[in-house]
Amino acid sequence: GRVDEAVVLARGLIGGEGDASFSRLTLAVERIGAGRFDEALKHLDALPKDGIMSYLVPLLGAWAEAGKDDFAAAREALKPLADKNGSLALYDLHVALVQDRAGNTRAAVESYRRVADGQTGLSLRLVQLLGSLSGRSGKQDEARTIYDDYLKVQPRSNLLDAARARLDSG
């Protein structure tokens, strides 16, 4: 919530000695939020590609590219996640989100399904994403089925009430 203060501090740390990775990361996030995607990518390029940055750099890089409407570059930026042990679901989820933003509904659904296939049942978030995509694609019956299938497993959940209301309101 105090991004402006963090940006001021980050700028001051980048010129000093030591590791300024999180300072650069802070500036990259701020640039993405401001729509300055090329500047964000420059900060991301200067970051190490190991540790936590091996996840954050591809994710943020992908969204900076998507912000420029370069969806092929966004998918390419995510590729290191596909090769990391245990992060294939994260890769598929963000590929699906990028495909959805690009308007490639069929490819987005395929990626969401790959995430679902790797789970024992659909998570709430995946149900929300798939249901929303189906509803926005004019497949209201499919969206209802996705929501209803989740509610059969979680009958006391009211976490889909808003999504179902949006679907019912057209």
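Glutamate 65 is found in helix H4, where helices (H or I, at least four residues) are DSSP runs numbered from the N terminus. The model is predicted: local features need pLDDT of at least 70, side-chain atom pairs count only at pLDDT 80 or more, and totals for chains, interfaces and linings use all residues. Residues are numbered from 1 along each chain as its sequence is written, and side-chain values use heavy atoms, with hydrogens and water left out.

**Confidence**

- The protein chain has a mean pLDDT of 89, and 91% of its residues reach 70 or more; pLDDT is the predictor's confidence in each residue, from 0 to 100.
- Among the elements of the chain, H4 has the highest mean pLDDT (97), whereas helix H1 (residues 3-14) has the lowest (66).
- Where pLDDT is low, the predicted coordinates should not be read in detail.

- Glutamate 65 is buried, with a relative accessible area of 15%; buried means under 20% relative accessible area, exposed over 50% and partly exposed in between (1.4 Å probe, protein chains only).
- Not counting residues up to four places away in sequence, glutamate 65 touches Leu41, Asp70, Ala73 and Ala74, contact being defined as heavy atoms within 4.5 Å.
- Aspartate 92 belongs to helix H6 and is buried, at a relative accessible area of 5%.
- Its contacts, leaving aside neighbours within four places in sequence, are Ser111, Arg114 and Val115.
- Aspartate 83 lies in the loop between helix H5 (71-82) and helix H6 (88-102), and this residue is exposed, with a relative accessible area of 70%.
- Between the C-alpha atoms of aspartate 83 and leucine 41, which are 42 residues apart along the chain, the separation is 21 Å.

**Helix H2**

- Helix H2 (residues 21-33) contains 13 residues and spans 18 Å from its first C-alpha to its last, close to the 18 Å expected at 1.5 Å a residue; the expected span is 1.5 Å times one less than the number of residues.
- The buried residues of H2 are Ser21, Ser23, Leu25, Leu27, Ala28, Glu30, Arg31 and Ile32.
- After H2 comes glycine 35, which has a positive phi, near 75°.

**The largest pocket**

- Rolling a probe the size of a water molecule over the atoms shows where empty space is left.
- A pocket, on a 1 Å grid over the protein atoms alone, is an open set of points with protein on both sides within 12 Å along at least five of seven lines, and its lining residues have an atom within 4 Å of a point.
- The largest pocket holds about 190 Å³ of space, a volume being the space filled by probe spheres set on the points, which are joined across faces, edges and corners.
- Its lining residues include Leu41, Glu65, Ala77 and Pro80.
- H4 gives the most to this lining, with 6 residues.
- By class, the lining has 7 nonpolar, 2 polar and 3 charged residues; Ala, Val, Leu, Ile, Met, Phe, Trp, Tyr, Cys and Pro count as nonpolar, Asp, Glu, Lys and Arg as charged, and the others, Gly among them, as polar.

**The second largest pocket**

- About 160 Å³ of space lies in the second largest pocket.
- The elements giving two or more residues to its lining are helix H8 (124-136), helix H9 (140-153) and helix H10 (161-168).
- H8 supplies the largest share, 4 residues.
- Among the lining residues are Gly131, Arg136, Tyr147 and Leu167.
- This lining has 3 nonpolar, 5 polar and 2 charged residues.

How values were computed. 1 Å grid on protein atoms, 1.4 Å probe; cavity = no way out; pocket = protein on both sides within 12 Å on 5 of 7 lines; lining within 4 Å.
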